[in-house]
Each structure stands twice: as structure tokens, then as C-alpha cells.
Amino acid sequence: MKKVLNRVEDVVDEALEGFQAAFPTYLRRVEGTHVLTRTRPKRTGLVGLVSGGGSGHEPAHGGYVGYGMLDAAVAGEVFTSPTPDQVLAGIRAADRGAGVLLIIKNYTGDVMNFEMAQELAQSDGIRVEAVVVDDDVAVDGSLYTTGRRGIAGTVFVHKAAGAAAEQGASLDEVRDAARAAIAHVRSMGFALAPCTVPAAGEPTFTLGTTEMELGIGIHGEPGTERRPVATADDLANMILGRLSEDLALTPGSRLAAMVNGMGATPLLELAVLARRTGQWAREAGHQMDVMWLGEFMTSLEMAGASLTLMRLDDRLAALIGAPADTPALRQGVVHD
Amino acid sequence: MTSEQFRRIWFRFGELVTEHRDELNRLDAAIGDADHGTNLARGLAKVAADLGADGSPTHLAASCRQVGMALLSTVGGASGALWGSALLRAAGALPEAETCDTATAVAAARQAVDAIQSRGHAELGDKTMVDVWRPALALLEASVAEGMSGRKAAVAVAERAVTLADETAPLVARRGRASYLGARSAGHVDPGSVSTALFWRAVADIVATS
């Protein structure tokens with residue numbers, strides 16, 4: 001294993017220090033915790049937003065701490081949910097007196113640990129609501145299983161709920177905005193090469209030189225299916241087709257899209273996917289309001305990408321388009 | 001069960017998980033994310049440090065609560081929440097005393113298993129640690145009800161737990177991260193079931209030698 005590290009067991013701790021060192025005007029670490037919170041908290045009376053999860057998804061989640069998105073991000077060990085006491089510290093840091101919304105990705109560990117933190121915070125007298133993002137169409141959703149995973153579409157949910165909170169919406173309204181975002185967002189990813197969890201030291205799976213994994217999550221886990229490598233256009237067509245079908249898109253839909261690199265895919269190649277995503281939307285008669293291109297929710301050094309589509313109505317379009325000023329996402333004019 | 005036995009069970013479980021850490025990580029790599037052994041070993045190191053610290057509680061209930069809090073705050077993932085919930089609930093069934101009878105220890109184990117199921121919503125056959133916990137508990141309760149000594153029952157449960165863990169291999173996962181693989185999860189043993197079998201081996205090792 002070749003990685004830029006000091007000691008494997010220090011990687012998360014040192015990365016959090018690094019985020020603070022690089023972005024001191026945006027975020028600071030809550031002492032003695034794995035929580036990054038805003039350097040300049042939003043004003044009292046606004047709803048706080050907390051998200052987080054295992055480390056290894058950078059810039060998620062600390063990169064989205066700032067105006068218009070998150071108030072606190074809680075980091076676990078690599079690909080491991082943070083513990084309830086850490087999430088509780090995040091809730092306390094984010095609380096500005098109007099309650100806190102937890103944005104959880106649908107992984108068993110994340111859901112359990114965030115729910116336990118929610119129970120602890122509520123017994124402390126903080127009002128806490130939670131939403132669970134499950135945008136991954138590669139996984140069958142069923143009442144009898146864990147259900148679909150939360151992947152890159154989560155960042156759109158941060159964006160929509162964060163904008164609503166910044167506009168002064170109540171906790172219930174911010175939660176409903178997040179739910180609306182979740183209901184309209186779908187994603188799916190693929191991998192050309194696996195990643196190596198530092199503590200494990202070996203890749204989480206192996207792929208032949210002409211193979212890819214389709215339907216991967218964001219934790220280096222194998223996908224739902226293994227196939228021969230396809231061209232960028234074929235991959236985009238297949239994934240966009242799945243997303244479109246799942247969203248039941250009709251011609252003329254208004255969309256936001258995200259082309260997300262998994263960590264080791266050059267922007268050059270991601271841009272080829274973005275090209276086809278734009279073409280596909282035009283051919284299908286959709287209106288593409290906005291497309292995000294880059295690395296938003298990664299899986300260490302996995303090679304591959306995910307595509308996300310969100311069907312917009314006027315309200316969601318305004319929330320996605322609203323200003324944000326965070327280390328990883330800056331757009332619009334910020335009135336703070 | 002004495003509180004000394006209780007503490008030694010956790011030291012022994014920590015040794016066993018550290019010994020099998022790479023194997024647990026490998027099992028997890030096949031259907032999850034390759035960190036089950038690492039996470040559990042980290043949590044059990046904290047448990048051992050806490051239990052061995054000066055001024056550490058000597059009563060069973062307080063020790064059990066201490067173990068639960070340590071696991072909850074250091075393991076992370078689903079395992080941390082499940083083991084933490086189990087120990088915190090079991091603590092409520094244990095006395096503020098240095099010893100308890102076998103029936104009380106068994107009742108605490110039942111509370112632990114109930115907590116795991118209510119936190120994780122897993123049923124038998126979902127390819128999770130419940131596939132070991134639930135039948136192991138049933139065997140423990142039946143053995144003790146038949147008049148078997150706690151010592152013999154623990155050994156029987158530990159042996160059965162290994163088989164139960166192996167029997168998760170053909171199952172298709174319906175809960176936890178392996179469930180995302182659908183049918184591809186079949187053919188692999190559930191790592192959480194294997195570590196649960198190690199726990200029962202730790203119980204048997206300590207109870208049988210004291």
C-alpha cells in the first residue's frame with residue numbers, strides 16, 4: 001500500500017486538522033471531537049443542519065460546512081459511521097435555538113448511530129428531526145431490506161435543505177424541503193478500479209483490466225454487477241436511462257445533474273460524461289437547469305464516477321440555485 | 001457470574017478479536033468494507049483499558065454499562081451501535097453487586113439480544129449477527145432450564161455458535177451493508193456472526209476455567 005500518510009490510525013484526525021488549517025475562515029474543529037463546524041455560526045433562530053458519515057468521501061462532509069449548506073459535519077473512521085457521542089457534539093454545535101435537522105445517508109450504521117444521537121439530543125431538550133437519503137437506484141428498495149443506499153445525491157439534499165434553513169424556514173419546513181429533495185433525486189455509480197482502506201492495506205476487491213463494477217456504493221464495496229468496460233457514452237446512456245425510468249421523467253422535465261468523480265478519475269474523463277449527460281437531456285427534451293461537474297462524494301482513490309439527476313420544481317430549483325459559500329461549493333452572491 | 005469473570009470475558013474477547021482481526025477484515029471485504037476486525041479490535045482495546053483503569057467500577061451493572069459506553073463511542077458503524085445497545089440494555093438486568101446467579105446472567109443475555117434486534121430491525125435469516133445471537137440464546141436458555149451448569153451450557157453455546165456463523169454463508173443478506181450486493185452476498189460468511197461466535201468462545205473460555 002502506497003499512501004500519503006503518517007500513521008494509519010491518525011489519518012482522520014490529521015485530515016480534520018488539515019481542513020481547519022486550510023479553511024479557517026469557514027470552519028473550525030470542535031475541540032476533542034471529530035466535528036467540523038462553522039467558524040461564523042449562522043444567526044440565532046435559524047435551523048441547524050448536521051450531516052456526516054465515515055471518512056474517505058472528501059470533500060464530504062466537512063467541505064460543505066458553511067453558508068447555505070451544513071452547520072456541522074461529523075466524521076467517523078474511514079468508511080465507518082461516526083459514533084452517537086460525536087454526532088451529539090455536532091448537534092450541539094449546530095443548534096441555534098430553532099432545532100437541528102440530521103441528513104443521514106441510508107447505511108445501517110449511519111442510521112443507527114445518528115438515531116441514537118437524536119434520542120440523546122432530544123433528552124437534552126434540543127429538537128431534532130432526521131431525514132434519510134436513499135438515492136442509489138442500483139440497489140433494490142424493499143420494505144424487507146435495508147433499502148437503497150445514500151450516495152452523491154446527498155449533496156443536493158444538503159444544498160436544498162441548507163438554502164431553506166438560511167432563508168429562515170422552520171425545522172418542519174427544512175425537513176420537508178429535504179424530503180422533497182430526496183424524493184426527486186436518483187444516482188448510480190460505477191468503478192473501474194477499487195480503493196484501499198488505509199487500515200486494511202489491500203484493495204477491497206479486484207478487477208480485471210477490461211472489467212468494471214456497476215452499481216457501486218461509496219465505501220469501496222463491490223457493485224451489484226460486473227461487466228466489461230463500456231465507452232463513456234454507453235455508460236452515461238445506461239445510467240441516465242435507469243435514473244430517468246426511476247424518476248418517471250417525461251419530456252420537458254426540469255433537471256439538475258451531478259457528474260461526480262469517485263476519487264481517481266481525471267476531470268477530463270468526467271467531462272466526457274458531462275458532455276453526454278447534456279446531450280442526453282436535450283435529446284430527451286428535458287431542460288437542464290444546472291450541472292455540477294467534479295468530485296463531490298468520493299470513495300478514497302476509487303476510479304469511476306456516479307451520475308445524479310434531480311427533477312426540479314420551482315421550489316427545488318430555487319433552493320439548488322440559491323447562494324452557497326463553503327470550502328467545496330461556492331455559488332451566487334452571498335448575503336450574510 | 002462474578003464481576004471478575006465478566007471483566008475477564010471482555011479481556012479474552014479482545015484477545016480473540018485481535019487474533020482474528022485480519023480474518024474478520026477479509027470476510028468483511030468480500031461483502032462489506034473490510035473493516036469489521038479493525039473496528040471491533042479498536043473498541044475492545046478501549047474496553048480493556050477502561051475495565052483495567054484505577055477506580056473502575058466493580059459491580060456487574062456498572063461494569064456492563066462501562067463496556068457498553070466504550071463500545072458505543074469507539075467502534076463506530078453498525079457494530080458499535082448494536083454492541084453498545086446490547087450492553088447498555090443488559091446492564092439494566094444485572095445487579096449492583098459483584099456476583100449474580102446463572103438465571104440473572106441468562107436474563108441479561110436475553111435483554112442484550114432483544115436490544116440488538118430492536119436497534120437493527122434484523123430477523124432470523126437476514127444474514128446478520130442475529131443469526132448467531134438468537135439461536136445461541138435459545139440454546140443457553142434451554143440448557144440452563146434443563147439443569148445444565150452455567151459452565152457446561154457456555155461451552156455448548158460456544159460450539160453451536162461456530163456452526164451458526166458458518167451457516168450464514170448460503171444466505172442472501174437482507175440487512176446491513178451486505179444487503180446491497182443482493183444475491184452476490186450468498187456464498188460468504190457474515191463477519192458479524194463470526195465475531196459473535198468469538199464472543200461466545202470468550203465466555204466459554206473464562207467460565208470453563210474459573
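Leaving aside neighbours within four places in sequence, with which residues is A:Gln86 in contact? In this predicted model, A:Gln86 is in contact with A:Thr33, A:His34, A:Val35 and A:Val74, where contact means heavy atoms within 4.5 Å. A:Gln86 belongs to helix H2 of chain A, which covers residues 84-94. With a relative accessible area of 17%, A:Gln86 is buried; buried denotes under 20% relative accessible area, exposed over 50%, and partly exposed the range in between, with a 1.4 Å probe and protein chains only.

Residues are numbered from 1 along each chain as its sequence is written, and chains are lettered from A and ligands numbered from 1 in the order in which they are written. Because the model is predicted, local features need pLDDT of at least 70 and side-chain atom pairs count only at pLDDT 80 or more, whereas totals for chains, interfaces and linings use all residues; side-chain values use heavy atoms, with hydrogens and water left out.

The secondary structure of chain A consists of 8 helices and 14 strands. Helices (H or I, at least four residues) and strands (E, at least two) are DSSP runs, numbered from the N terminus. Along the principal axes, the C-alpha atoms of chain A fill a box of roughly 50 × 50 × 40 Å. Of the 336 residues of chain A, 59% are buried. Among contacts between residues at least 6 apart in the sequence of chain A, 72% join residues at least 24 apart.

Chain A exposes about 12,500 Å², of which carbon and sulfur atoms supply 50%. Accessible areas come from the Shrake-Rupley method with a 1.4 Å probe, and for residues only the protein chains shown count as cover. Chain A carries 29 positive and 42 negative side chains, and the centres of the two sets lie 5 Å apart. Lys and Arg count as positive and Asp and Glu as negative, while His and the chain ends are not counted; the place of a charge is NZ of Lys, CZ of Arg, CG of Asp or CD of Glu.

Several backbone features of chain A fall in loops. In the loop between strand S3 (48-55) and strand S4 (72-78) lies A:Pro59, and the peptide bond from A:Glu58 to A:Pro59 is cis, with omega near 15°. A:His61 is also found in the loop between S3 and S4; a cis peptide bond, with omega about 5°, joins A:Ala60 and A:His61. A:Phe79, in the loop between S4 and H2, has a positive phi of about 60° although it is not a glycine. At 1% relative accessibility, A:Phe79 counts as buried. A:Leu300, likewise not a glycine, has a positive phi of about 50°. This residue, A:Leu300, lies in the loop between strand S11 (287-294) and strand S12 (303-311) and is partly exposed, with a relative accessible area of 21%. A:Thr209, in the loop between strand S7 (185-193) and strand S8 (211-214), is exposed at 83% relative accessible area.

Over all chains, the structure holds 15 aromatic pairs. Rings of Phe, Tyr and Trp (its six-membered ring) pair if their centres lie within 6.5 Å; planes under 30 degrees apart count as stacked, over 60 as edge-to-face and the rest as tilted. B:Trp10 and B:Phe199 form a tilted pair, 5.4 Å centre to centre with 45° between the planes. The pair links distant parts of chain B, 189 residues apart: B:Trp10 in helix H1 (residues 3-19) and B:Phe199 in helix H9 (residues 191-209). B:Trp10 is buried at 2% relative accessibility, and B:Phe199 is buried at 10%. The rings of B:Trp133 and B:Trp200 have centres 5.8 Å apart and planes at 70°, so this pair is edge-to-face. B:Trp133 lies in helix H7 (residues 130-145) of chain B and B:Trp200 in helix H9, so the pair ties together parts 67 residues apart in sequence. Both B:Trp133 and B:Trp200 are buried. Ring pairs link B:Phe6, B:Trp10, B:Phe13, B:Trp83, B:Trp133, B:Phe199 and B:Trp200 into a cluster.
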